Amino acid sequence: DLELMLGLLHLTSKYQVEVLMTSCLDVIMDIMDLDNVLQILVVLDKYDVQSCAVKMVSDFMKENIVEIVNKEDWSEFVVNYPSLVKDFILFMNGEMINAKDDLKTEKESNRK
């Protein structure tokens with residue numbers, strides 16, 4: 001249950017129980033879907049958890065962005081969490097730059 005895991009994540013953050021936090025994050029990543037991904041991102045930001053978990057959420061959002069922005073809670077998310085929207089846009093920009101650099105490197109290596 002997501003609510004239970006998010007509550008447990010709160011406690012692990014509060015009492016700094018890293019091993020349990022890692023287990024909570026694993027379960028949260030396993031139950032992440034289109035309906036709860038924004039809620040998960042908000043909670044991860046609130047507790048300033050491991051960047052690998054935030055990257056997993058961002059990757060999930062990137063892969064499912066069309067469905068996510070068409071969900072009812074997207075507009076509310078944009079209004080209530082503009083800094084998270086900004087962070088996600090910057091993440092997407094970084095991914096695009098990396099892809100362009102990789103393509104450029106691949107083209108250059110093919111010329112040799």
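A salt bridge is a side-chain nitrogen of Lys or Arg within 4 Å of a carboxyl oxygen of Asp or Glu. The model on screen is predicted, and by this rule the count comes to 3 salt bridges.

Select Lys55 and Asp59 to see one of them: the closest N and O atoms are 3.0 Å apart. Both residues sit in helix α4, and because they are 4 residues apart, about one helical turn separates them. Lys55 is partly exposed, at 40% relative accessibility.

Lys62 is partly exposed at 28% relative accessibility, and Glu95 is partly exposed at 24%.

Next, select Lys71 and Asp35, whose side chains form a salt bridge of 2.8 Å, N to O. Lys71 is in the loop between α5 (65–69) and α6 (72–80) and Asp35 in the loop between α2 and α3, so the pair ties together parts 36 residues apart in sequence. Asp35 is exposed, with a relative accessible area of 54%.

Now colour α2 and select Met21, Cys24, Leu25, Ile28 and Met29, which are buried. Looking down the axis of α2, the buried residues fall within an arc of 135°, so they line one face of the helix. Their cover includes α1, α3 (37–46) and α4 (51–63). Turn to the face away from the buried side to find the exposed residues Val19 and Asp30.

Finish with Leu11, Tyr15, Val17 and Leu20, which make a nonpolar surface patch of about 360 Å². Val17 lies in the loop between α1 (2–14) and α2 (18–31).

Technical notes:
Residues are numbered from 1 along each chain as its sequence is written. This is a predicted model: local features need pLDDT of at least 70, side-chain atom pairs count only at pLDDT 80 or more; totals for chains, interfaces and linings use all residues. Side-chain values use heavy atoms; hydrogens and water are left out. Patches are made of residues with over 30% relative accessible area and no salt bridge: like charges are joined within 9 Å, nonpolar side chains (Val, Leu, Ile, Met, Phe, Trp, Tyr) within 5 Å. Accessible areas come from the Shrake-Rupley method with a 1.4 Å probe; for residues, only the protein chains shown count as cover. Helices (H or I, at least four residues) and strands (E, at least two) are DSSP runs, numbered from the N terminus. Buried means under 20% relative accessible area, exposed over 50%, partly exposed in between (1.4 Å probe, protein chains only). The arc is that of the directions from the helix axis to the C-beta atoms. Contact means heavy atoms within 4.5 Å.
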